[in-house]
Amino acid sequence: MSFEFRAIYWREMLKYFRYKSMLITSMIQPVMWLAFFGLAMSDSFDKLTSLVPNEPGVPVVAYISYMGAGIIAMDVLFSSLFGGTTLMFDKKFSLLRETLASPVPRSHIILGIGLSAVTKALFQTFIIIGFGRLVGMEFFKGYTLIETLIAIVGITLLVSIFTLGFLFLSGSIAITVENPEGMQSILTLVSMPIFFVSTALYPIDGFPTFLKVLSMFNPMSLLAGGIRYFALGTNFSVMGNHYIYTTVDIVVAFLGLIFFALVMLSAAMWRFNKVDI
Amino acid sequence: MTGNVIEVNNLEHSYGSIKAVDNISFTVKQGEIFSFLGPNGAGKSTVINILTTLRKLQKGEARVNGYDVAKEPNSVRRSIGIVFQMLCLDHEMTVSENLEYHGRIYSMKKKERSKRIEELLKLTDLESKKDTLGKDLSGGMKRRLELARGLMTKPAVLFLDEPTIGFDIQTRMRMWEYLREIKREGTTIFLTTHYMEEADQLSDRISIIDHGKIIVTGTSNELKNKLGKDLIYLETSDNKAAAEILRSLVSVKNVTEDTKSLRIMIREDVTHVLPQIMDEIRRGGIEIIIVNIKKPSMDDVFVHYTGHELREGNGNGNGNGNGNEKQQGIETAVVSE
């Protein structure tokens, strides 16, 4: 068993904490989303849907709590999608040479960067959950301590797998393209449908069928749904829509994300093994 | 292990239809500084990349520190240190962090790492810079840091690909001092260069490489002595005719015609030969304009063996890298301390 990925992880985290501007913006950004976009959207949604009757006996969840899960998914999506950019610069400035010439297996390079992205994503996730409480986002409402802990572990796992998947995707692009502009435009192109064709911000009930189908397979929906399962419970209504999450749903979310991460890992390995000095 | 640290047999490498390395064989002995001297594009970097396992071996056999380059790449990697042709340091990490990272990717223990970092900072005179970010170092310091990094794992052999390319002569000479010091500590060094005086001053043995082939190998003195003790340079009113006359003389070993002058290799002591040569030429009705006597230099050796000067000129030790950087895709101008 070799542990060289720890060296890669060490370097990534060293630089993450070195650059206070990067660190602070990455921490503030989710808060801003929640504070501005979240509050604005939830107020208008609540106003629009105030007349829709809720089913009696089903706990009602405020839109901001529903959307909170989506904000986490969105924040994690963007940070992991851009997380691979470091590889592009390492390649561009020949920094990768040193590592490629060392006994470190190539898989460890991706794994090390992946784990650093997971660490950053989890920081952001818990900032959103923490700050969310202040603006009325009610996660783990009425949970016992044990239930809360289980929910946190569940969210941690989902976010980690999701982050690895998108980091591997981002890494494969980064190692293939030659310049930052190309990287930027590809990422924007990729992120848009993933973000909007998902249940991150709104229910998909009103989607045209083909978008509905796409959304069901979208890792973004799997993550947002999974977080809701853990944070909001299995039975609630929001904006007049009644949600029931079953054990099957959460198993599907986990399996779907694991499948996605594995496919992306093999894509990353394929691209990486092609890298020449 | 005594004997050979590097053994290469019948190495060949092609890029498409272009043969970059053409049936090369050589050995590097334990503890020596061995140089590949040749122009850009001669195949030097290809050989270094194959030996450091960065390029797949296509044909032939190569062993480094006893390990087969093709079959045991990881053992080779653990035996060597590399200083790449292009600067490749992390500018966002400090001097000691750059070394720390290197130690970590080679799985060195924590204690071992810090001890080695201290030793190397001392060796490369970077102690006062240990907390300086890579980007704030001068060109010479960056190179020294790369040298330190290459030595981090106490490699059996250190590979340097054009270690002083683009440096001014002072920085280059300082670099040589460090390399001699490293050699004294017992590390074998393999370097490539297209600077004549670098090969000359630094190496125990030199291979002149051109068009992917090793033309000749020997110590600097052996190579120069093959050209005789002295060389005569003549400029005459009719170089062609003068060369004809000279070639017929027993005391003359070889005559090469340059654009302006004749380079004459001789068999005997110059003090006796020169008057005879001058008499013969004058007798042929040719006027002698300039006479120059020189000890053979690496330039002369190079010209003698390859039949041409180092391409793009500039091998003559003026310490100026103009023209070469561009060709290598390196943007650094002359880098100084």
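Q: What does chain B average in pLDDT?
A: Chain B of this predicted model averages a pLDDT of 86, and 91% of its residues score at least 70, where pLDDT is the predictor's confidence in each residue, from 0 to 100. Over residues 312–337 of chain B the pLDDT is below 50, although this stretch has 60 contacts in the model beyond near neighbours in sequence, a contact being two residues whose C-beta atoms, placed from the backbone, lie within 7 Å.

Q: And what is the mean pLDDT of chain A?
A: For chain A the mean is 88, with 99% of the residues at 70 or more.

Q: Which ipTM and pTM does the model score?
A: The model scores ipTM 0.87 and pTM 0.83.

Q: Some conventions before we go on, please.
A: Residues are numbered from 1 along each chain as its sequence is written, while chains are lettered from A and ligands numbered from 1 in the order in which they are written. As this is a predicted model, local features need pLDDT of at least 70 and side-chain atom pairs count only at pLDDT 80 or more, whereas totals for chains, interfaces and linings use all residues. Helices (H or I, at least four residues) and strands (E, at least two) are DSSP runs, numbered from the N terminus.

Q: In what order do the four strands of the open sheet in chain B come?
A: The order is S2-S1-S4-S5, with antiparallel pairing; two strands pair if DSSP finds at least two bridges between them. Strand S2 (18–29) and strand S5 (67–68) of chain B are the edge strands, each pairing on one side only.

Q: How many bridges join S1(B) and S2(B)?
A: Strand S1 (residues 4–15) of chain B pairs with S2(B) over eight bridges in the antiparallel sense, and B:Val8 stands opposite B:Phe26 of S2(B).

Q: What lies across S1, S2 and S4 of chain B?
A: Helix H1 (residues 44–51) of chain B does, running at about 120° to S1(B); the axes are lines fitted to C-alpha atoms, for helices over the stretch in contact, and angles run from 0 to 180 degrees between N-to-C directions.

Q: Where is B:Asn23, and what about its phi?
A: B:Asn23 is in strand S2 of chain B and has a positive phi of about 55° although it is not a glycine. B:Asn23 counts as partly exposed because it has 14 C-beta neighbours inside 10 Å, given that a residue is buried with 20 or more other C-beta atoms within 10 Å of its own, exposed with 12 or fewer, and partly exposed in between, the C-beta atoms being placed from the backbone.

Q: Switching to the contact, how many residues does each chain give?
A: Chain B gives 20 residues and chain A gives 17 residues. Helix H2 (73–79) and helix H3 (95–105) of chain B each supply at least two residues of the side that touches chain A, and H3(B) gives the most, with five residues.

Q: Last one: how many buried residues does S14(B) have?
A: Zero among its seven residues, so strand S14 (residues 288–294) of chain B is hardly covered. Strand S11 (residues 231–236) of chain B pairs with S14(B) in the antiparallel sense over six bridges, and B:Leu231 has B:Lys294 as its bridge partner in S14(B).
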